[in-house]
Every structure is written in C-alpha cells, then in structure tokens.
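The sequence and structure come first.

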Amino acid sequence: MSCCFFGARKKGGDLVHHDTRDTRGRAVASTKNFSFSELRIATNNFHQTNKIGRGGFGTVYKGTLKSGKEIAVKTLAAESKQGLREFLTEIETISNVRHPNLVEIIGCCADGNNRILVYEYLVNRSLDQALFGSRISIKLEWDKRAAICLGTAQGLAYLHEELVPHIVHRDIKASNILLDKDYTPKIGDFGLAKLFPDNITHISTKIAGTTGYLAPEYVLGGQLTMKADVYSFGVLILETISGRSSSSSIWRGDKKSLLGLAWQLYQDAKLLDLVDEELDDFPEKEVVRYIKVALFCTQANANRRPMMSQVIEMLSRNIQLNEKELTPPGFFQDSDASMLSKLKSSECSTSQQSSVPLTITQVTPR
C-alpha cells in the first residue's frame, strides 16, 4: 500500500484538495496536501519548544502557517505502530466528517518517508493535561467538567448513531479529548477507528486501545462493538470528576482501580468521596448522577450499557436513574481471579444497537 497525491497548486501557494489513494488507485479521502518543507517551516523545524504532545504513534507540534493560521502537526514516528494503513484510515475516517465535538483535520503530508497529519489547533490542548498536569493555569470548575462530559457524549453519539457507516473510535481517553478556548471538547486521534455498516453487529479484531479504558468483552474475546466506546466514556467521566487517572492502580492509598473504587463507594453510599479535591463548590445531586451514569456505561455485560443517545439524556436532564437495572462494572485487578473467571463465562458479546432496558425515569425537567 502506498500513498499518492494528485492535483495542482494555485498560484501563490494556496492549497487545493488532493485525492489520497491506495495502490489500487481507489480514492480514500479528499484533503489538503502539505509539503514537508511547509510543515517544517510552520513548526520551526519541529522545534522542541513547539512540542505539545506525544502518543503511541508519534509527536504533535504546534505550527503556524504563512497565513497566520495555527495548526497542530501530528508526525508519525518511523518506528510507530501506526503504519500507512492506519494513516490512510485516519484520513478516510474524518476528512469529510464535521461536528462541533470532533477535531477537524486540515490536511496531510506523505512526502518521502514522512507521514504527517495536520489538525486544527486547540489552545487548551488535551483533557489529560488539564486534569492530571499542572493546575496552576487551568481551573476546571464543575460547569466546565460537566460540559466536557456532555460534549464528548454528543460527539460519540454522532459517530455511533448519525454517521453512515457508523464509527467506533476504539481509543476514547483523556489525552484524545482536546479542548478549545472555551473548553469545548473535541474527540481526536482516529488512527484506530473502525467503520460499522448497518448490517454488522460486531467485529472480531486484534485488541487495540489504552489500558484502563478497555471494555472486558473486547479484552477477553476481541469482539468490538460500539459498547466498547461507551465503556471507555464511562471511565472518562470518572476521571473528569475525580481528577485522577484510571491508569493508576493506587487511588488515595487504596489498591483499587478508579472504577473499582467508584463501585465500592456506590455500594457504601459515599460517591461524593470520589470528587476531585480541586472542586470547591459543585451541585452534589448532579455530580452523583454523573457518577452513576458512568457506572451504567461500564457494566460488565455490554448488553446492559446504554447507547450514547441515552447517555446524553441521562447527563443533560434532571432525571432519576433506575438503579434496579445497574449491575457491577467490568474491571480487572491482578488479585481478582474470580472476577476474571466470571467475566469469561458471562454473556459479554453484544448486538450493535442493544441497550439497557429503560434505565431512566423522568422526575422534573431542568
């Protein structure tokens, strides 16, 4: 598989659209083609002072085009696990997708061995930096955190239920949720995304994603459905509320995962103990509802997890959740062999559009 670009430049160096094609000549996307020299100049030769992030597939730099437009430049490392197939997948998946809660791709570069994606630049960078990094300059009050959860849910609902074919992201996590100047969340990094036609209920695939966010049925059986994204989103809610990373096995001195601790606190009716100490003032009932929604999203049996449209309703309206339908989450601890055994024998394979039966009842509108 190779990447070729066809088209011409307008006078003055303005960029025009080019087709990205595979070796069979099939157009997989229509996007702007940047030369390597343009991006090298925009990033000051990819200077370390312009480095704004690093992931498993490479490094992201801030750049400025000659027009003055700021961009985010994602360079794929030579040893990156994201090869040409994933590079084309990411372009194909999002080049023609537009939503307020999805990062917009501006263009790409396939100059020699260089594979680079160019995105809109978001000034507040990623959610993980806001939550887990230095908080000297960033203060995430509850209204911002709630809006981040709801906006991310809206982006996922668009991918899962409105786009045709549907898209499963496969790597929903705090570092892939980017924040603009108003802290509006935008889902980024579609290198692992999978397309789901209407007649497909699941895909059997090699496990990919990030520890702490992976759904149990996906880890154990390799069967991917939209409910894997729902699970990851539930973990993301817990991180956003607690200000702690799910990847840490020790939370406040307790050797439990973040999800494990959330379930324990739910059983003990002490969910507010999960809330980030940085939050000075917050609506307790609303915060507790958000945590419970996270627990609905992370149930061990994927069939019981809600669809993202249901999640939006749970988060956005002052409703009482039907907790009789809530079952324990699927999470792993090295010492919990019985849980692992139980999950292996449980009915974790899912139907694409299956959902938890009537998980909410209306109390009063907000």
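Helices (H or I, at least four residues) and strands (E, at least two) are DSSP runs, numbered from the N terminus. The model is predicted: local features need pLDDT of at least 70, side-chain atom pairs count only at pLDDT 80 or more, and totals for chains, interfaces and linings use all residues. Residues are numbered from 1 along each chain as its sequence is written, and side-chain values use heavy atoms, with hydrogens and water left out.

**Helix α6**
- The 17 residues of α6 (residues 226-242) should span 24 Å at 1.5 Å a residue, and the end C-alpha atoms are 25 Å apart, which agrees; the expected span is 1.5 Å times one less than the number of residues.
- Of the 17 residues in α6, 17 are buried (under 20% relative accessible area; exposed is over 50%, partly exposed in between, with a 1.4 Å probe and protein chains only).
- At the N-terminal end, Thr 225 caps α6, with a side-chain oxygen 3.1 Å from the backbone nitrogen of Lys 227.
- After α6 comes Gly 243, which has a positive phi, near 70°.

**Annotated position**
- An unreviewed UniProt entry lists Lys 74 under "binding site"; positions are given in the numbering used here, feature names are shortened, and annotations may be inferred rather than shown by experiment.
- Lys 74 is part of strand β6 (residues 70-76).
- Lys 74 counts as buried because its relative accessibility is 7%.

**Cysteines**
- The whole structure has zero disulfides, a disulfide being a pair of cysteine sulfur atoms within 2.5 Å.
- Cys 108 counts as buried, at 0% relative accessibility.
- Cys 149 also counts as buried, at 2% relative accessibility.

Conventions:
Polar contact = N/O pair within 3.5 Å; in protein donor to acceptor, adjacent residues only side chain to side chain.
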